[in-house]
Each structure stands twice: as structure tokens, then as C-alpha cells.
Amino acid sequence: MKVKIRKGDVVEVISGSFEDKGKRGEVIKVSPKKSRVTVQGVSIRKKHQSQVQTQGRSMNPGIIEFEGSIDISNVMVVCPSCDEPTRVGIQRDEDGLPHRVCKRCEAKID
Ligand SMILES: [Zn+2]
């Protein structure tokens, strides 16, 4: 299956952990081979960081928060036109170029 989600899309979490369900955020990374996406503010993981030396600079120890990747099937693209999570279709325009459309309202997504 072709991945129709791109970096910069706003997606909504439609399944997965209770904590993240219903959350919306911008896609910051897509890994098509692993069928994973990383979404801003979703699936926050905390990592305890001990003091480390990086290129001569020392970083303070503490807790680092970062987004973990989630399965692509757990998110849906939010249509910028109807503001609903939707399935994405592909249509060709007059020039024969494929573009993504919302399956609810048929608005062009990009
Ligand atoms: Zn729509």
C-alpha cells in the first residue's frame, strides 16, 4: 500500500493508546518502509539523560522528552477543508498530475 501521509500533514490519532487517541499534530517524520510516523506531541517518551559530553560541551542531566514513532495505520490525515480525519484518495487534475483529495468532501489536500 502506498503511503499517503507526508511530512507536514496534520493527522489525528484514531487508534492506539488511550492517552494519544484523538490527538492531532503535525507529522514530523515518515518512515514508509517501517510504516511508522512521528507526530508532534504524540507518543511522548521520556528519557533520563545523564550528563554527557558532546563535542566539548556538557549537557545538563535531566529528563528529555521526545516523540516516539507510531504505526501509520493509527493515524488519519485531517482534511484542511472539512477539518475531519479522512481517508485520502488520489485524483488526477487537468494536467494528469496526481494529487491527494479528501474522500469526505473531495477537497484537494495539497
Ligand atoms: Zn474534507
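**Close-up views of a zinc site and a sheet**

The count of disulfides comes to 0, a disulfide being a pair of cysteine sulfur atoms within 2.5 Å. This is a predicted model, in which local features need pLDDT of at least 70, side-chain atom pairs count only at pLDDT 80 or more, and totals for chains, interfaces and linings use all residues. Residues are numbered from 1 along each chain as its sequence is written, and side-chain values use heavy atoms, with hydrogens and water left out.

**View 1. Four cysteines hold the zinc ion.** The SG atoms of C79, C82, C102 and C105 are its protein donors, 2.2 to 2.3 Å away. Donors are N, O and S atoms within 2.8 Å of the metal (3.2 Å for Na, K and Ca). Along the chain, their spacing reads C-x2-C-x19-C-x2-C.

**View 2. The zinc site is tetrahedral.** Angles among the 4 donor atoms run from 103 to 118°. Four donors count as tetrahedral if all angles lie between 85 and 135 degrees. The ideal angle for four tetrahedral donors is 109.5 degrees.

**View 3. Cysteines at the site: buried or partly exposed?** C79 is buried at 1% relative accessibility. C102 is buried too, at 0%. C82 is partly exposed, at 26%. Buried means under 20% relative accessible area, exposed over 50%, partly exposed in between (1.4 Å probe, protein chains only).

**View 4. An open antiparallel sheet has 6 strands.** Their order is β8-β3-β2-β1-β9-β10. β8 (69-71) and β10 (85-86) each have a single partner strand, so one side of each lacks a neighbour in the sheet. Strands are DSSP runs (E, at least two residues), numbered from the N terminus; two pair if DSSP finds at least two bridges between them.

Methods: Four donors count as tetrahedral if all angles lie between 85 and 135 degrees; four count as square planar and six as octahedral if opposite donors are over 155 degrees apart and all others between 65 and 115; anything else is irregular. Helices (H or I, at least four residues) and strands (E, at least two) are DSSP runs, numbered from the N terminus.
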